Amino acid sequence: MTWATERLDALTCGSADPPEVVKTLKLGTLDEWGEGWIRKRWEPSPDLLNSDGSMFGGYIAALADQALAFAAMTVVPADALFRTLSLQVNFVRVGRAHPLLIEGRVSDATKRLVTVSTDIRREDGKLVAEASAQQLIIPISPQP
């Protein structure tokens, strides 16, 4: 168990509060995870939609970034933190006021870099967006 997997367990079972930014953006947390993968179902509230009922692309990117971070957390070493080094999002179709199924997975992990990807789909399986990122591993420095 690492700090990250303990946090994932706590978020999954609802015993930990998500960070304020997650509450503010209404990102939710995750439903389940295992080594190298995460899953969540997310439903947008009406106040997060554009006037035509579509989802703002930056919001989809925030959901993707969160899922990619959760996926990285499944493999980050106990003595390290991580930061998003790069983020690529490809929009396939317009997201609307429907639930989304989000799956993230680790593509590769080295001592310094975790490469992750995610798919964001409607419940009917149609792809809304796909994203990938690289997470830089940062050793935790001992405090003086």
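## A tour of a predicted fold

The charged end of Arg39 lies over the ring of Trp37, at 4.4 Å from its centre. Keep in mind that this is a predicted model. The structure also holds 1 aromatic pair.

Now step back to the whole chain. Its secondary structure comes to 3 helices and 6 strands. Along its principal axes, the C-alpha trace spans about 55 × 30 × 25 Å.

What share of the 144 residues counts as buried? For this chain the figure is 40%. The exposed surface comes to about 7800 Å², and carbon and sulfur atoms supply 54% of it. Among contacts between residues at least 6 apart in sequence, 61% join residues at least 24 apart.

| Strands | Sense | Bridges |
|---|---|---|
| β4 (residues 100-109) and β5 (residues 113-122) | antiparallel | 9 bridges |
| β5 and β6 (residues 127-139) | antiparallel | 9 bridges |

A hairpin through 3 residues joins β4 to β5. On the β6 side, Asp119 stands opposite Glu130 in β6. β5 and β6 also form a hairpin, with 4 residues between them. In that turn, Gly125 has a positive phi of about 90°.

Conventions: Residues are numbered from 1 along each chain as its sequence is written. This is a predicted model: local features need pLDDT of at least 70, side-chain atom pairs count only at pLDDT 80 or more; totals for chains, interfaces and linings use all residues. Side-chain values use heavy atoms; hydrogens and water are left out. Rings of Phe, Tyr and Trp (its six-membered ring) pair if their centres lie within 6.5 Å; planes under 30 degrees apart count as stacked, over 60 as edge-to-face and the rest as tilted. A charge sits over a ring if NZ of Lys or CZ of Arg is within 6 Å of the ring centre and within 35 degrees of the ring normal. Helices (H or I, at least four residues) and strands (E, at least two) are DSSP runs, numbered from the N terminus. Buried means under 20% relative accessible area, exposed over 50%, partly exposed in between (1.4 Å probe, protein chains only). Contact means heavy atoms within 4.5 Å. Accessible areas come from the Shrake-Rupley method with a 1.4 Å probe; for residues, only the protein chains shown count as cover. Two strands pair if DSSP finds at least two bridges between them.
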